[in-house]
Amino acid sequence: MTELSYVDIGTGAPVVFLHGNPTSSHLWRNVIPAVPGRRLAPDLIGMGASPRPPIEYSFDDHARYLDEWFDALSLDDVVLVGHDWGGALAADWASRHPGRVRGLAFTEAVLKPMTWAEFPPAGAEVFRALKTPGAGEPVIDMFLKSLPPEYEGMYPTPESRIPLLRWASSMPLGGEPASVVSWIESFDRWLASSTEVPKLLITFDPAPGTMLTPPMIAWMRSNFAALEVAHHQATAGHHTPEEQPELIASTLTAWLARLPV
């Protein structure tokens with residue numbers, strides 16, 4: 001087993017924070033301290049301080065390494081909090097381990113295969129480049145430069161950025177990649193039927209870079225069982241834990257207090 005690097009603080013029922021692309025567990029640094037309970041945040045395989053083995057860095061790879069991590073720590077009665085691809089991995093793990101899940105929370109998460117028309121136009125142009133062989137590397141550089149400088153330091157070389165590019169090219173747009181679409185359609189069926197698992201979607205007034213447009217949020221309201229949407233009249237782009245950590249933390253804390261014990 002390849003061990004993932006992770007944060008683990010506090011005691012009580014576990015709350016697991018899963019980051020997306022191109023970040024790491026560092027994304028949650030201003031959220032975790034203000035949330036109660038045992039808080040854990042792994043660096044996904046190939047990201048942050050976790051090892052970078054010679055693998056494909058497919059959705060399947062990330063799900064497999066996370067499965068091993070959850071089992072190694074014997075995590076049960078888990079609340080999962082996911083951003084970006086971390087939201088997809090949270091929903092996937094919950095759908096395959098429903099007896100170990102107490103709740104799911106998302107912000108700006110990848111939870112639906114999209115047509116190109118559904119994706120924000122500016123984002124669609126970016127992701128067409130990311131899916132074009134040889135054209136994605138400069139876009140990854142741009143993504144990193146839009147974040148606090150510590151992220152660029154985590155991924156200093158082209159080799160260290162391979163997992164980031166693989167994630168970006170995996171965005172489920174226009175039916176491709178088919179394998180990722182299949183993963184998401186599978187956990188979406190569970191999200192639609194799991195009436196016993198409370199779910200929370202945290203949203204903000206959209207700023208440039210926002211992925212979850214009002215039609216996407218409306219789709220989730222209509223298709224996810226036991227979903228509460230907490231909308232804040234404060235602006236945020238895609239990386240909401242960087243931009244609005246206090247509101248995310250306070251919303252999570254209030255929601256956790258309402259969850260069944």
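**View 1. T240 sits in helix α9, residues 240-243.** Helices here are DSSP runs of H or I with at least four residues, strands are E runs of at least two, and both are numbered from the N terminus. This is a predicted model, so to speak of local features we need pLDDT of at least 70, while side-chain atom pairs count only at pLDDT 80 or more and totals for chains, interfaces and linings use all residues. Residues are numbered from 1 along each chain as its sequence is written, and side-chain values use heavy atoms, with hydrogens and water left out. T240 has 2% relative accessibility, so it counts as buried (buried is under 20% relative accessible area, exposed over 50%, partly exposed in between; 1.4 Å probe, protein chains only). Leaving aside residues up to four places away in sequence, T240 touches H83, T107, E108, F204, P245 and I248, where a contact means heavy atoms within 4.5 Å.

**View 2. A cis peptide bond links N21 to P22.** P22 is in the loop that runs between β2 (14-18) and β3 (38-42). Why pick out a bond like this? Most peptide bonds are trans.

**View 3. E176 and P177 are joined by a cis peptide bond too.** Here omega comes out at about -5 degrees. Look for P177 in the loop between α6 (162-169) and α7 (178-193).

**View 4. S74 has a positive phi without being a glycine.** Its phi is about 50 degrees. You'll find S74 in the loop between α1 (59-72) and β4 (78-84). With 54% relative accessibility, S74 counts as exposed.

**View 5. A226 is a non-glycine residue with positive phi.** Phi for A226 is about 55 degrees, and the residue lies in the loop between α8 (214-223) and β7 (227-236). Its relative accessible area is 38%, so A226 is partly exposed. As for phi, most residues other than glycine have a negative value.

**View 6. Zooming back out, the chain has 10 helices and seven strands.** Its radius of gyration is 17 Å, close to the 18 Å that the globule rule gives for 261 residues, so the chain is as compact as a globular protein of that length. That radius is taken over C-alpha atoms, and the rule is 2.2 Å times the number of residues to the power 0.38. Of the 261 residues, 55% count as buried.
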